[in-house]
Amino acid sequence: MDVGVLTVVVAALVALVLRRVVVLRRDWHTARGFATGMLVVCVALLVTAGGFELKHQWVQARATALVVHVSGSREAQADCQRFTPELVDLSVTSGFVFSDSQNVAHLRRTVCNDLYAWLLSSKRAPTDGQVRALHITVHEAMHVRGEFNEARAECFAMQQDADAARFLGASRTQATALAERYYRDVYPRMSAEYVSGDCAADRALDLTPGDGQFP
Ligand SMILES: [Zn+2]
């Protein structure tokens, strides 16, 4: 499990809530109003912090499942950026993979947030950010698979986008539409490093999902 500042905060709040419950049950002589008030505050904080932590762990697990599926590497992981590191991250990258720790796809916090929103949505009308978030996760999975040439990774990723969308619960139609939208609207605006004439000119580029079984 990925432990961050919020994980520690949630654990501390669980301990605080338990302590307040014990105090309330044991000590009948102190001010019960104060003890009850403290318990309510601690529970409210725990529910809020716990909600954010659960969201982080869940979307990261779904992104990891996708990176494993696309890369074919069982040890692959997705790492969703947490709130604090994002505050000091001045880069413009949406995701990256270190060549010396190739198993981990690092994803920008906004990418994971968009992926989360898409996963919970009906998937009928994804936003531009959601289309990009799914594609970026697939693109990073290509690096995990060992393809570090950006144009080739981008070209392979576009051909896996529909499969990836199906894997995460989109219908066949929704998956094809999402892949086509990236290819049509986003790919032509990518910087030269990511675009290859061979890929763009390939009329046979298959953007439809395969017939595999998807959970
Ligand atoms: Zn890349």
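This is a predicted model: local features need pLDDT of at least 70, side-chain atom pairs count only at pLDDT 80 or more; totals for chains, interfaces and linings use all residues.
Helix H2 comprises residues 32-71. At 1.5 Å a residue, its 40 residues should span 58 Å, and the end C-alpha atoms of H2 lie 57 Å apart, which agrees with that expectation. The helix is followed by glycine 72, whose phi is positive, near 80°.

Several residues of H2 are buried, among them Cys42, Glu53, His56, Val59, Gln60 and Arg62. Ala63, Leu66, Val67, His69, Val70 and Ser71 are likewise buried. The buried residues of H2 pack against helices H1 (5-26), H4 (109-120), H5 and H6 (150-167), and also against strands E1 (77-80) and E3 (104-107).

Two of these helix pairs were examined further. Two packed helices are described by the angle between their axes and the distance between the axes. For H1 and H2, the angle is about 155° and the axes are 9 Å apart. Because angles over 145 degrees count as roughly antiparallel, H1 is roughly antiparallel to H2. The crossing of H1 past H2 is left-handed. The residues of this contact comprise 19 nonpolar, three polar and three charged.

Helix H5 (residues 128-145) packs against H2 at an angle of about 50°, with the axes 8 Å apart; the two helices are therefore oblique to each other. H2 passes H5 in a right-handed crossing. On the H2 side, the contact is formed by Ala63, Leu66, Val67, Val70 and Ser71, which meet Thr137, Val138, Glu140, Ala141, Val144 and Arg145 of H5. Seven of the residues in this contact are nonpolar, two are polar and two are charged.

Conventions:
Residues are numbered from 1 along each chain as its sequence is written. Axes are lines fitted to C-alpha atoms, for helices over the stretch in contact, and angles run from 0 to 180 degrees between N-to-C directions. Helices (H or I, at least four residues) and strands (E, at least two) are DSSP runs, numbered from the N terminus. Angles under 35 degrees count as roughly parallel, over 145 as roughly antiparallel, 65 to 115 as roughly perpendicular and the rest as oblique. A crossing is left-handed if the near helix is turned anticlockwise from the far one by less than a right angle, and right-handed if clockwise. Two residues are in contact if their C-beta atoms, placed from the backbone, lie within 7 Å. Ala, Val, Leu, Ile, Met, Phe, Trp, Tyr, Cys and Pro count as nonpolar, Asp, Glu, Lys and Arg as charged, and the others, Gly among them, as polar. The expected span of a helix is 1.5 Å times one less than its number of residues. A residue is buried if 20 or more other C-beta atoms lie within 10 Å of its own, exposed if 12 or fewer, and partly exposed in between; C-beta atoms are placed from the backbone.
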